[in-house]
Amino acid sequence: MEFLVEKIGMSRTIGSPSIPVTLLKIINAKVCDTQENGKVIVAYPRGKAHNKSIAGQQKKYSLSKEFNRFVTLRVNGEAQQDGQTDGQAESNKEANKSKAIDLDMSVLESAVRVKATFYTKGRGFSGVMRRWNFQGGPAAHGSRFHRRVGSIGNREWPGRVQKGKKMAGHYGNEKVTVQAEVVSFDKDNSILVLKGSVAGYNGAQGKISVIRGGK
């Protein structure tokens, strides 16, 4: 089962050895409906966006006004292939009714390894020195090179700019998926602690899925 999470930030464990960890907040979500392809429609709160379309969905599934976002999550994860259960079977049946139910997070209590998907920090249009770590030209007056890209093509052959040439352009905001070990899970505060780092800025939203359980 996939879960929506928000990146709180990074920290370190107290002990020897001290390892870097990433703290993720499990977003409070409600299962609204199930689909035949092994996915569920989930509602979660984010911002204050509200219109007639959102109001219609909230009325259909008896949701409060704060649940103003909807997303599709995968139910059948890798943990189920290993013989693990995520406690969602009965919940998914109940979600087919007109009232949404809370998302079951019991599988995270026994999770050993998860897969986290986030988008990297968006840095907009960047030059080659920042985007590709080019050295650049002389910084002295009169060089007229400085931070420019330099030559980008060939003369007689092939007479064009070849594909894949490292040039200035859009940098960041790319989807990155990593696998990380679970250090601990605070059920009361819905905080998951992962070993190492994940992509994204503090406050970024992403998805996680359990790939190995049985802790």
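Is Arg74 buried, partly exposed or exposed? I looked this up first, and Arg74 counts as partly exposed because its relative accessibility is 22%, where buried means under 20% relative accessible area, exposed over 50%, and partly exposed in between (1.4 Å probe, protein chains only).

**Basis.** I am working from a predicted model, in which local features need pLDDT of at least 70 and side-chain atom pairs count only at pLDDT 80 or more, while totals for chains, interfaces and linings use all residues. Residues are numbered from 1 along each chain as its sequence is written, and side-chain values use heavy atoms, with hydrogens and water left out.

**Overall.** I noted 4 helices and 12 strands in the protein chain, these being DSSP runs numbered from the N terminus (helices H or I, at least four residues; strands E, at least two). Of its 215 residues, 33% count as buried. The accessible surface comes to about 13500 Å², with 47% of it belonging to carbon and sulfur atoms; such areas come from the Shrake-Rupley method with a 1.4 Å probe, and for residues only the protein chains shown count as cover. I also looked at contacts (heavy atoms within 4.5 Å), and among those between residues at least 6 apart in sequence, 67% join residues at least 24 apart.

**Barrel.** I traced a closed barrel of 6 strands in the order E1-E2-E11-E10-E7-E12, with antiparallel pairing, where two strands pair if DSSP finds at least two bridges between them. Neighbouring strands of this sheet are turned on average by 45 degrees against each other, direction ignored; the axes are lines fitted to C-alpha atoms, for helices over the stretch in contact, and angles run from 0 to 180 degrees between N-to-C directions. E10 and E11 run antiparallel and are joined by 4 bridges, and I found Leu194 in E11 as the bridge partner of Val182.

**Salt bridges.** I found 4 salt bridges in the structure, each being a side-chain nitrogen of Lys or Arg within 4 Å of a carboxyl oxygen of Asp or Glu. Side chains of opposite charge can pair when their charged atoms come close.

Returning to Arg74, I see its side chain meet that of Glu2 in a salt bridge at 3.4 Å, N to O. This pair links distant parts of the chain, with Arg74 in strand E5 (residues 69-74) and Glu2 in strand E1 (residues 2-12), 72 residues apart. Glu2 is buried, because its relative accessible area is 14%.

Next I checked Lys187 and Glu109, whose side chains meet in a salt bridge at 3.1 Å, N to O. Lys187 lies in the loop between strand E10 (175-186) and strand E11 (191-195), and Glu109 in the loop between strand E6 (101-102) and strand E7 (113-119), 78 residues apart. Lys187 counts as exposed at 54% relative accessibility, whereas Glu109 is partly exposed at 41%.

I then looked at Glu181 and Arg113, which form a salt bridge with the closest N and O atoms 3.9 Å apart. Glu181 is in strand E10 and Arg113 in strand E7, 68 residues apart. Glu181 is partly exposed at 39%, and Arg113 is partly exposed at 22%.

**Surface patch.** Which residues make the nonpolar surface patch of about 260 Å²? I listed Val149, Ile152, Val161 and Met167. Patches are made of residues with over 30% relative accessible area and no salt bridge, like charges being joined within 9 Å and nonpolar side chains (Val, Leu, Ile, Met, Phe, Trp, Tyr) within 5 Å. Ile152 sits in the loop between helix H4 (128-132) and strand E9 (169-170), and counts as partly exposed because its relative accessibility is 35%.
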